[in-house]
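Student: I am new to this structure. Please take me through one part of its surface closely, then link it to the rest.

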Amino acid sequence: MTSTATPRTDPALLDSLRQDLADAPFGVDEVRARLGDLAANALGREQTLPARRAVAGARDALGVLVGCFGLGLPTAADDLARALPRTGVTGAVTLGIVEPHGAHVVATCDLRPYGDDEGRSWWVASDPTDHTRTGPLPVDHVLGIGGASSTLASWTPRTRVARALDVGTGCGVQALHLSGHADAVVATDLSRRALGYAAFNAALNQADWDLREGSFLEPVAGEAFDLVVSNPPFVITPRSAGVPLYEYRDGGAAGDAVVEALTKGVGAHLAPGGVAQLLGNWETAAGQDWRERLGEWVAASGLDAWVVQRDVQDPAEYAELWSRDGGHLPGTSEYEALVGAWLDDFAARGVEQIGFGIITLHRPTTQRAPFVDLVELTGPVASPMGPTIVAGLAARDRLAGMDDDQVLDTAWTCAADVTTETHAAPGASDPNVIVLRQGGGLARSIRLDTLDAALVSVSDGELTARQSLIAISALLDLPTGESLGAGAALVRRLAADGLLLPG
Ligand SMILES: C[S@@+](CC[C@H](N)C(=O)[O-])C[C@H]1O[C@@H](n2cnc3c(N)ncnc32)[C@H](O)[C@@H]1O
């Protein structure tokens, strides 16, 4: 099954549509207020009934637009004409965003307001979402804003850059964010339909992107960027008969080879100081640590690497998730066949776990050995995470250029959002567990021994780490050399994630 044409980019009609949507006003906050929290929250869980009830019989512009473009409801042509007075029904049909059905129109796409944490707002068109349609998705479905899109957008550093690249742009959601802080945005996709939506969204939002058709990095051969982002088609799909390959999630390679190839290859397109950020799934075989596999990939990139594993699933959980995602219902024979194919595929490679996470790569500006940091953090983190990534890369860059003597001869200050928690066995006078907790950023919690806890407690920017450690080891009757070694390692760990700050 394949989909219909994508909307057209008629400049005059898009001017009218933009003004109509702004006048409605068809904005994120306005839509939430119109629906009410209950319906808006349900819609976030892909449950449409409360929202359908909230806009049933609506005649107001906002209610009509939500019903038509957010919920895919047949809409009276007269109501749409009033909601889009400049564009009109004829204009909307000419743009290809609705189709006439007698006295009604039906949206051919999902169109919704979208915004960032800085107060920027856009409208994003994509194929109608899963929850406004029935049956399996067409294989050339163009995804709207999903959970993975939002995760990547949250984690991306928003530092001003000259040239940014979005690999696998889809409807252009990452490119919209990049437009806010990049002088030039190049976006690639293999799917012509995705590029059709991206062109429509760029024009509707008055953004200027260089859209290129082709596979992954091929369309940018020989070019370098300051920032590369990609929410690639990272889903691991069996290459067996009867398993559909969706363009939006399958990159056409077995196992996790798409993410591996991007991780290893993106460095060729990073300018000095440049950052690449990719989302991905990776396989871990029985008896392996996920860090071994990721460690090999990032070593091959030759870049600084900071990988955060955010989630882990076993093969059955993974198979269930992606069998359902295509619109197949549990209990049907098609669904069971798909889950079986996934289980066979993972078993053939001995895969025990599938990780999901964010790979951040950085090309240093100086000649030094790359840093590699592979961490598992599955709990809640700050939102947005971009500022944490910017600070974390700067801290790791600085630490990678310091030897242990320089780390020890620096005075460190405990960050303002760090607290300690102590636990003692009932009746005990001294704590036997001390945990350092970070309030923001990665929300790290790190168990400390007595030496660590003492070092952190005196880190107020007055004494260097070496001075503190010499005094603490004398007090605790510990060998100074060992204390200095352990202290330097602890400072590196805490400073990388912003729990200790220089000065
Ligand atoms: C998960 S979607 C991401 C869309 C969007 N960037 C986002 O963040 O929501 C992956 C995108 O990669 C595209 N894609 C699939 N195979 C590709 C390939 N070989 N080269 C480039 N893009 C590809 C798909 O068409 C789809 O638009």
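Which residues form a nonpolar patch on the surface, and how much accessible area do they have together?

Tutor: The patch is formed by L475, L476 and L478. Together they have about 290 Å² of accessible area. That area comes from the Shrake-Rupley method with a 1.4 Å probe, and for residues only the protein chains shown count as cover. A patch takes residues with over 30% relative accessible area and no salt bridge, joining nonpolar side chains (Val, Leu, Ile, Met, Phe, Trp, Tyr) within 5 Å and like charges within 9 Å. A salt bridge puts a side-chain nitrogen of Lys or Arg within 4 Å of a carboxyl oxygen of Asp or Glu.

This is a predicted model, where local features need pLDDT of at least 70 and side-chain atom pairs pLDDT 80 or more, while totals for chains, interfaces and linings use all residues. Residues count from 1 along each chain as its sequence is written, and side-chain values use heavy atoms, without hydrogens or water.

L475 belongs to helix α18, residues 465-476. Helices (H or I, at least four residues) and strands (E, at least two) are DSSP runs, numbered from the N terminus. L475 has a relative accessible area of 75%, so it is exposed. Exposed means over 50%, buried under 20%, and partly exposed in between, with a 1.4 Å probe and protein chains only.

Now for the opposite case. Helix α5, residues 61-70, has nine of its ten residues buried, so the rest of the structure largely encloses it. The buried residues of α5 are L62, G63, V64, L65, V66, G67, C68, F69 and G70. Just after α5 comes G72, with a positive phi of about 70°.

P219 is another buried residue, because its relative accessible area is 18%. P219 sits in the loop between β8 (209-213) and β9 (225-230). Setting aside neighbours within four places in sequence, P219 contacts T188, R212, E213 and G214; contact means heavy atoms within 4.5 Å. V186 is 33 residues from P219 along the chain, and their C-alpha atoms are 9.7 Å apart.

Next, the ligand. It is surrounded by 17 residues, the closest being S149, G168, Q174, D189 and F216; a residue counts if one of its heavy atoms lies within 4 Å. A polar backbone atom of G168 is 2.8 Å from a nitrogen atom of the ligand. For T169, a polar backbone atom is 3.2 Å from a ligand nitrogen. N231 uses its side chain: a polar atom there is 3.0 Å from a ligand oxygen.

Last, the backbone. Most residues other than glycine have a negative phi, and most peptide bonds are trans. Q206 has a positive phi near 55°. Q206 lies in the loop between α10 (192-204) and β8. Its relative accessible area is 61%, so Q206 is exposed. A443 has a positive phi near 50°, in the loop between β16 (433-438) and β17 (445-448). At 32% relative accessible area, A443 is partly exposed.

One runs from A24 to P25, with omega near -20°. P25 lies in the loop between α1 (11-23) and α2 (28-35). Another joins S383 and P384, with omega about 0°. P384 is in the loop between β13 (372-376) and α15 (386-400).

How values were computed
A polar contact is a pair of N or O atoms within 3.5 Å; within protein, one must be able to donate a hydrogen and the other to accept it, and residues adjacent in sequence count only if both atoms are side-chain atoms.
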